[in-house]
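Let's work through a protein model together, one question at a time. Have a look at it first, then read on.

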Amino acid sequence: MTRIADLGPPKPGKPHDPDLQEHFHVCPICGQQVDRRDFRQVMWHEQPDHEPLELDQ
């Protein structure tokens, strides 16, 4: 399993819609919660055949 730390330092992003209140969505491929504020997570979950990402606690 890939750890989020293996993807490098956090890459914060901003929603394009300033009224967007939701920062998380469920990945339709692996079912994991994705924090849209972290570009690393977003890009990981855009891959067609990926496993859940091991998040550091």
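Q: What kind of contact do the side chains of Asp35 and Arg37 meet in, and at what N to O distance?
A: This is a predicted model, where local features need pLDDT of at least 70, side-chain atom pairs count only at pLDDT 80 or more, and totals for chains, interfaces and linings use all residues. Residues are numbered from 1 along each chain as its sequence is written, and side-chain values use heavy atoms, with hydrogens and water left out. A salt bridge means a side-chain nitrogen of Lys or Arg within 4 Å of a carboxyl oxygen of Asp or Glu. Asp35 and Arg37 make a salt bridge, with an N to O distance of 2.9 Å.

Q: Is Asp35 buried or exposed?
A: Buried means under 20% relative accessible area, exposed means over 50%, and partly exposed is in between (1.4 Å probe, protein chains only). Asp35 has a relative accessible area of 15%, so Asp35 is buried.

Q: Which residues does Asp35 touch, not counting those up to four places away in sequence?
A: Asp35 sits in strand S2, residues 33-35 (helices, H or I, of at least four residues and strands, E, of at least two are DSSP runs, numbered from the N terminus). Contact means heavy atoms within 4.5 Å. Leaving out residues up to four places away in sequence, Asp35 touches His23, Phe24, Gln41 and Val42.

Q: Which residue forms a salt bridge with Arg40?
A: A search of the whole structure turns up two salt bridges. In the one with Arg40, the closest N and O atoms are 2.7 Å apart.

Q: How many disulfides does the structure hold?
A: A disulfide is a covalent bond between the sulfur atoms of two cysteines; here it is counted as a pair of cysteine sulfur atoms within 2.5 Å. The structure holds none of these: for Cys27, the nearest cysteine sulfur is that of Cys30, 3.8 Å away, and Cys27 is in no disulfide. The number of disulfides is zero.

Q: Which residues is Arg3 in contact with, leaving aside its neighbours within four places in sequence?
A: Arg3 lies in the segment before strand S1 (24-26). The C-alpha atoms of Arg3 and Pro52 are separated by 9.2 Å, though these two are 49 residues apart along the chain. With neighbours within four places in sequence set aside, Arg3 is in contact with Leu53, Glu54 and Asp56.
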